[in-house]
Amino acid sequence: MSKNKSFSETSATRYSLALYELAKESNQIDEVEKNCSSLIKLIFNSDEFQSLIKNPTIKKDELNSTVLKISDQYKLNSLLIKFLSFLISKRRFFYVEEILKDFIETCSKKRGEIKAQLTSSKALSESEINRIKEELTKDFGSKIKLNYKHDASLIGGLIVQVGSTMVDSSIKNKLQKIENRMIEA
């Protein structure tokens, strides 16, 4: 099982890097990246499309037809359409979600962005999120690509993770530490 997983991760990385190089060569990185984000959202939100991708019995013609319909609807970049057709022809469309996510990750890395995760106990406004992002940018001296998530189970406070650095100021975490100390005593 781990052999197959590493094969799929390696394949996804190779294909995404190929897409990146093609997009860079033709000066279309931003457009292709936006299209990839749209496709990832479609895959996430459409059970029908997910099952089509994961079904090995679907014929190449049917997959190509579906991709063309989606490309018309989402006005996909011609380079990305050709790339998706290539994946279908090589029977690698099964990995399309991983490849697209890896492509977006590659774009982010090439821009020098650092990924960060912000989780808060209360819903934050766009301006609050932007202020936190600006502070993190100053603190780490790099552009920050911030993913925000609201989690009411935290009771209060924030969890910020930038790369391998994590700051957990949530009340849930503090209560857990108190509970652990009480158990040890």
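On a 1 Å grid over the protein atoms alone, a cavity is a set of points where a 1.4 Å probe fits but cannot get out; a pocket is an open set with protein on both sides within 12 Å along at least five of seven lines, and lining residues have an atom within 4 Å of a point. Grid points are joined across faces, edges and corners, and a volume is the space filled by probe spheres set on the points.

The views below come from a predicted model, in which local features need pLDDT of at least 70 and side-chain atom pairs count only at pLDDT 80 or more, while totals for chains, interfaces and linings use all residues. Residues are numbered from 1 along each chain as its sequence is written, and side-chain values use heavy atoms, with hydrogens and water left out.

**View 1. The largest cavity has a volume of about 40 Å³.** The count comes to 1 cavity of 30 Å³ or more. Look for Leu39, Ile43, Phe49, Val67, Ile70, Leu76, Leu84, Phe93, Val96 and Leu100 in the lining. This lining has 10 nonpolar residues, no polar and no charged (nonpolar: Ala, Val, Leu, Ile, Met, Phe, Trp, Tyr, Cys and Pro; charged: Asp, Glu, Lys and Arg; polar: the others, Gly among them). At least two lining residues come from each of H2, helix H4 (60–74) and H6; helices (H or I, at least four residues) and strands (E, at least two) are DSSP runs, numbered from the N terminus.

**View 2. The largest pocket holds about 350 Å³ of space.** Its lining is made up of Ser37, Ile40, Lys41, Phe44, Glu97, Lys101, Ile104, Glu105, Ser108, Lys115, Lys145 and Asn147. Two or more of these come from each of helix H2 (29–45), helix H6 (96–110) and strand S2 (143–150). H6 gives the most, with 5 residues. By type, the pocket lining splits into 3 nonpolar, 3 polar and 6 charged residues.

View 3. A disulfide here is a pair of cysteine sulfur atoms within 2.5 Å. For cysteine 36, the nearest cysteine sulfur is that of cysteine 107, 7.4 Å away. Cysteine 36 has a relative accessible area of 0%, so this residue is buried (buried is under 20% relative accessible area, exposed over 50%, partly exposed in between; 1.4 Å probe, protein chains only). Cysteine 107 is buried too, at 2%.

**View 4. Threonine 119 sits in strand S1 (residues 113–120).** Threonine 119 counts as buried because its relative accessibility is 8%. Leaving aside neighbours within four places in sequence, threonine 119 is in contact (heavy atoms within 4.5 Å) with Lys149, Asp151, Leu154, Gly157, Leu158 and Ile159.
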